[in-house]
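Please examine the structure shown below together with its sequence. The paragraphs that follow treat its overall composition, its aromatic rings and its charged side chains.

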Amino acid sequence: MAASEENSALFPIFILTIMAIPLVPYTMVKLSRAVSKKQRTIHCQCLECDRSGKYKRSLFKKISNFSTWSNLTLVLLWVVMIFLIYYTKNMSRETQVFDPFSILGLEPGVSDSEIKKAYRRLSIQYHPDKNPDPEANKYFVEFISKAYQALTDSVSRENFEKYGHPDGRQGFQMGIALPQFLLDIDGASGGILLLWIVGVCILLPLVIAVIYLSRSSKYTGNYVMHQTLSAYYYLMKPSLAPSKVMEVFTKAAEYMEIPVRRTDDEPLQKLFMSVRSELNLDPKNMKQEQAKFWKQHPAIVKTELLIQAQLTRESGVLSPALQGDFRRVLELAPRLLEELLKMAVMPRTAQGHGWLRPAVGVVELSQCIVQAVPLSARKSSGVSSEGISPFLQLPHFSDAIVKKIARKKVKSFQELQEMRLEDRSELLSQVAGLSAIDVEDIEKVLEMMPSLTIDITCETEGEEGIQEGDIVTLQAWVTLKRPNGLIGALPHAPYFPFHKEENYWVLLADSVSNNVWFSQKVSFMDEGGAMTAASKTISDTMEGLGAGVKETNDAVREAIEKVKGGSRLVMGKLQAPAEGTYNLTCFCLCDTWIGCDKKTSLKVKVLKRTRAGTRGLVSDEGAIAEEGMEEEDEIDEEDDYESEYSEDEDDKKDMDEKRGSKKANGTVKKKESSSEESGSEEE
């Protein structure tokens, strides 16, 4: 009976251990994410961002942000753990080991006379004849008498001093840390014990495995459904115009799961009438086009209308039910657009190249969604060849204000940025009619906007020139500067209801053939991770070249200083193509800001192979087979790679013309020319 009671007492310890194994690591991960998120909350300080409410830290918002199911479950489990710890601590006091010497207040090895004196002293204090207290009587019978009996008997005393127990050496005992009612196998509880063992040892691991496998079979590591990736893969086309990217983007399986309610019909009809001009419907056949639009899957129709509500800033007219769907659509948009971009640049051609035109279109759509700017604003207009989209991301700007400042010959966004502070303030206040507070808001946003520079080199390690089949190393340093001196910060996005970090995509592409040879995502938020990655990459490269320890350390130190100064290292291995001269362009595209993209031209000359052997092997797993390159003599010249939204009507004709000129291998050479319109080049 005592053994079963002891086993039952161990049950809370067993439960405490099982809970602590997953709970402690999960809590540490949650806390680390919360700390890192708090460190990354450097954001725009303009009035529009402040009024958006997503950066406010009110008590109600803190409680609502904390009151998620995962957080509440975590707190509840910790409360249970604290209770078990307290219970176990008190239980350990109650179940003390029987020690006759400590009970009698003696030291081990004392004489019999001292034992008798101690027993008489305690008898006077706890004997029932001397002390009527029931607790004193119980203590005297169960502890004092037993302790005296164990020490006065010579055999019992010798066993205790030798083995720690009056009965001598004790055998090894094993128990089950389960409650007492489960251990009573003679009664009806035997079945409960069996069910407990089956549930904990078989059913629980099985349920966890089924949940994990079902989720892993449905989602990728980026929490995007496999069904979505399949749809994006088959719908992606090399000639996909930027304005047509929306049609592919809305086919995500995640959006198909958004509920379609009958009560949403009337609000969606009103929303359709307000955003109809943005839906690329043919005005000559408007009735047929509208009927065709509504014949699509209801979830696709709903998703596209909600995205257009974001682009046109019409979300305020949505019903409460549609507001929840609207937030869900925008919450999924960043990672879906990232996967769509990966589908565009993944190897598709026989040479292992991706496609430039749809990749640029995906980035432009991402910029418009984050900044809540209509896609039609990217069309060329009489005011500016680049469209008015960069202006509309600024607070308090509208079409009318853009036309007013255009009369003063400020027709491009770059011209507005390059103006002196005094001249710009005068222009905005006197010509545009903005107040001093509005002008201050605009200046805050302009100070947050990044400026990029690209320094790219390509060479065959250890050899002069690039020959056919060489494995060429591409190294690019992308440097970000802001007028306010910040490096990593959240962009100005008052109409996007979630925190969105800036991400940049470096694409090495041939604009004429529409091929992307190399792509990599770059982030300026995690400086520590960037320093670690740059140090390792530079160290490995220097060791491969046979450099000494001092040279390697100097190169690593220089790389770390560059990262601290706002630069990020991009490196890749490219296989040289056939002999010839290639005119390539290195793009650095931002997925949040409009008008901050940068590109630089690169002329590549590949020589006929004269060296024996090859420089390396290409992976058999379908890695991108990139071309080799030689650094060109770059010429400073501004280039506007025009956005293609203005040419939707003649897309088919343009593609036929481009196919006819696809074999041309000459392009204009440029260096770090800014491209506020983020489009691909058109002949």
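A residue is called buried under 20% relative accessible area, exposed over 50%, and partly exposed in between, with a 1.4 Å probe and protein chains only. The model is a predicted one, in which local features need pLDDT of at least 70 and side-chain atom pairs count only at pLDDT 80 or more, whereas totals for chains, interfaces and linings use all residues. Residues are numbered from 1 along each chain as its sequence is written, and side-chain values use heavy atoms, with hydrogens and water left out.

The chain has 683 residues, of which 44% are buried. It contains 27 helices and nine strands, taken as DSSP runs numbered from the N terminus (helices H or I, at least four residues; strands E, at least two). Among contacts (heavy atoms within 4.5 Å) with a separation of 6 or more, 73% are between residues 24 or more positions apart.

A pair of aromatic rings is described by the distance of the centres and the angle of the planes. Rings of Phe, Tyr and Trp (its six-membered ring) pair if their centres lie within 6.5 Å; planes under 30 degrees apart count as stacked, over 60 as edge-to-face and the rest as tilted. The structure has 14 such pairs. One of them is the stacked pair of Tyr119 and Tyr148, with 4.1 Å between the centres and 20° between the planes. This pair joins helix H7 (residues 112–126), which holds Tyr119, to helix H8 (residues 134–152), which holds Tyr148, across 29 residues. Ring pairs also bring Phe140 into a cluster with Tyr119 and Tyr148.

Side chains of opposite charge can pair when their charged atoms come close. A salt bridge requires a side-chain nitrogen of Lys or Arg within 4 Å of a carboxyl oxygen of Asp or Glu, and the whole structure has 20 of them. Glu257 and Lys218 form one, at 3.5 Å from N to O. Glu257 lies in the loop between helices H14 (253–256) and H15 (265–275), and Lys218 lies in helix H11, 39 residues apart. Lys218 counts as partly exposed because its relative accessibility is 37%, and Glu257 is likewise partly exposed, at 47%.

A second salt bridge joins Asp325 and Lys302, with the closest N and O atoms 2.5 Å apart. Here helix H18 (residues 320–345) supplies Asp325 and helix H17 (residues 298–311) supplies Lys302. Asp325 is buried, with a relative accessible area of 8%, and Lys302 is buried at 2%.
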